[in-house]
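The following explanation is meant to be read alongside the sequence and the coordinates. It turns to the interfaces of the structure one after the other.

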Amino acid sequence: MIREISCQEAARYVYGYLDGELEPRTRAEFLQHLEACRKCLGAVEFERRVIDFIRDRGSSESPSPGLRDRVRRLFEAGAGAGNGGSVTRER
Amino acid sequence: MSSDRDSSPDRRARLREECLGHLDALYGAALRMTKNRQDAEDLVQETYLKAVRNLDRYREDAGCKPWLFRILTNTYIDLYRKRKRRPHEVEFDDEGATGIYDRIVLSFPSEKEEGPLHSPGGLDDFLHRFMADEVKAAIDELPDVFRELIVLRDIEGFSYRECAEMLEIPIGTVMSRLHRGRKSLQERLWDYAAEKGYVSPEEEEAAS
Ligand SMILES: [Zn+2]
């Protein structure tokens, strides 16, 4: 028997649900509520779409071409670091 | 894994390519965190420098992305955001941060009549008017502690636990900051849309 939860309680689980971070029992309670409550289901779908949208629009930056070269050189310098390359060792 | 501390050239070359594969993601996160291209490049370079120095000690089990992001986040906090105590940080407030769902429903009648699930047009129309630069500007306006979590969770997809470890805060704080950051970001986008005329005055009025 799954406990019934209120819309107010369900609202607190929306992000946890979308982030895949709810405990199994809470998740079951939440999903049972969504089956019966169109309002909360709408809110979940809304939040999901906004998060997807933020991910889509907020990512994808290109560093200057020089950065990749400089980083690559760090690895090459680092390869000789064991016997005193140009990268200062910690410790 | 037995080869964890192996420093053979093969392993180094493989790790180098693996680490370089995350350059754009690290740079994107660094740019959102520092809000400045030069600082972002410096931060990424510093991150890789520390990674190279610690390559022999890196454990491969979890892949190098969380490892690199942990170095990035720590370096960012040390160099660009001095660790501060925030005794007055307001705790999670149900009523304070409501987001814009109700306003969207009111503003786009089709959402109300058919329900948001059955009329993707309303919300999508609203969202798709935003250019990437406008969304990034809205993220950049968020307070540091919210912006960091939008970057680490929403853009980079780290778990609550990973975010908590990187930022050295409790998981409960991750959840409350993420909640408030997301709602606050929605409200900023809404205000921006109203300013730009993406939502008409009637829509704005209906919503207020
Ligand atoms: Zn409900």
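Between chain A and chain B of this predicted model, 18 residue pairs are in polar contact, with both residues of each pair at pLDDT 80 or more. On the side of chain A that touches chain B, the elements giving two or more residues are helix 1 (7-18), helix 3 (38-58) and helix 4 (65-79) of chain A. Of these, helix 3 of chain A gives the most to that side, with 16 residues. Sorted by class, the side of chain A that touches chain B holds 17 charged, 15 nonpolar and nine polar residues.

The side chains of A:Glu61 and B:Lys136 form a salt bridge, with a distance of 3.0 Å from N to O.

The extent of the interface can be described in two ways. Counted by residues, 41 of chain A are in contact with 58 of chain B. For the second description, a general convention applies: the size of an interface is often given as the accessible area lost when the parts come together.

Chain B itself is divided into two parts, domain 1 (3-84) and domain 2 (101-207). Where these two domains meet, the contact takes 15 residues from domain 1 of chain B and 15 residues from domain 2 of chain B. The area buried between the two domains is about 1,500 Å², with 54% of it on carbon and sulfur atoms.

Which polar features join the two domains of chain B? Across their interface the rule finds three salt bridges. B:Lys65 and B:Glu156 form a salt bridge in chain B, and their closest N and O atoms are 3.0 Å apart. Seven residue pairs are in polar contact between domain 1 and domain 2 of chain B, again with both residues at pLDDT 80 or more.

On the side of domain 1 of chain B that touches domain 2, helix 2 (23-34) and helix 4 (64-79) of chain B each supply at least two residues. Helix 4 of chain B provides the largest share of that side, namely eight residues. By class, this side of domain 1 of chain B has seven nonpolar, six charged and two polar residues.

Key
Residues numbered from 1 in each chain as written. Chains lettered and ligands numbered in written order. Predicted model: local features only at pLDDT ≥ 70, side-chain atom pairs only at ≥ 80, totals over all residues. Heavy atoms only, no water. Contact = heavy atoms within 4.5 Å. Salt bridge = Lys/Arg side-chain N within 4 Å of Asp/Glu carboxyl O. Polar contact = N/O pair within 3.5 Å; in protein donor to acceptor, adjacent residues only side chain to side chain. Helix = DSSP H or I, 4+ residues; strand = E, 2+ residues; numbered from the N terminus. Nonpolar A, V, L, I, M, F, W, Y, C, P; charged D, E, K, R; others polar. Domains from an automatic or database assignment. Buried area = accessible area lost by both parts, 1.4 Å probe.
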